[in-house]
Amino acid sequence: MKKLLFIFTLTSLISCSTTKSGTQETATDSTYGYSKENPIKVGGEIDGPANEQKFLASLSGPNGEWIWFKRSGSCCSFETRNSSFGMGMLDIYKITYEGKKDTLTLYLNMYDKEKLKAPLGFKFKE
């Protein structure tokens, strides 16, 4: 119970630190974030893990449900100029929310950056 409370508190703090913008939108491409060929690019080699956490904490389910996410590993090496090694790996996150019967998988790229969108089935918190 203490662990669950800690995770909830940490997620809440991270989500409160995210910035809101009037330009937040939902992706129209059904592969955005759900495919290793079309990962969510949160950017920042040094801040990459924190950027991933901030991005995920800024999401909610389609009706505003709180989401739960957990990193489940890495995969899919790729070349990037934004890594000191010239190579990067995608991070894999398992995500669910209240009322969702299955777990979804999102792929995030912490090295490269592009305009962030909510993957289909999610929206940004208001």
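## Basis of the values

The model is predicted, so local features need pLDDT of at least 70, side-chain atom pairs count only at pLDDT 80 or more, and totals for chains, interfaces and linings use all residues. Residues are numbered from 1 along each chain as its sequence is written, and side-chain values use heavy atoms, with hydrogens and water left out.

## The sheet and its helix

Helices (H or I, at least four residues) and strands (E, at least two) are DSSP runs, numbered from the N terminus. Two strands pair if DSSP finds at least two bridges between them. An open sheet is built from four strands in the order β2-β6-β5-β4, with mixed pairing. β2 and β4 (67-79) are its edge strands, each pairing on one side only. Helix α2 (residues 48-57) packs on this sheet and touches β2, β4, β5 and β6 (104-109); contact means heavy atoms within 4.5 Å. The direction of α2 makes about 25° with that of β5. Axes are lines fitted to C-alpha atoms, for helices over the stretch in contact, and angles run from 0 to 180 degrees between N-to-C directions.

Ten bridges link β4 and β5 (residues 87-97), which pair in the antiparallel sense. Phenylalanine 69 stands opposite isoleucine 95 in β5.

## The disulfide

A disulfide is a covalent bond between the sulfur atoms of two cysteines. Here it is assigned to a pair of cysteine sulfur atoms within 2.5 Å, and the count comes to one. Cysteine 75 is joined to cysteine 76, with 2.2 Å from S to S. The link between cysteine 75 and cysteine 76 is left-handed, with -80° about the S-S bond.

Buried means under 20% relative accessible area, exposed over 50%, and partly exposed in between (1.4 Å probe, protein chains only). Cysteine 75 is buried because its relative accessible area is 16%. Cysteine 76 has 27% relative accessibility and therefore counts as partly exposed.

## Serine 60

Serine 60 belongs to strand β3 (residues 59-60). Its relative accessibility is 2%, so serine 60 counts as buried. Leaving aside neighbours within four places in sequence, serine 60 is in contact with Glu65, Ile67, Phe122, Lys123, Phe124 and Lys125.

## Asparagine 38

The loop between β1 (25-26) and β2 (40-41) holds asparagine 38. Not counting residues up to four places away in sequence, asparagine 38 touches Asp29, Thr31, Tyr32 and Gly33.
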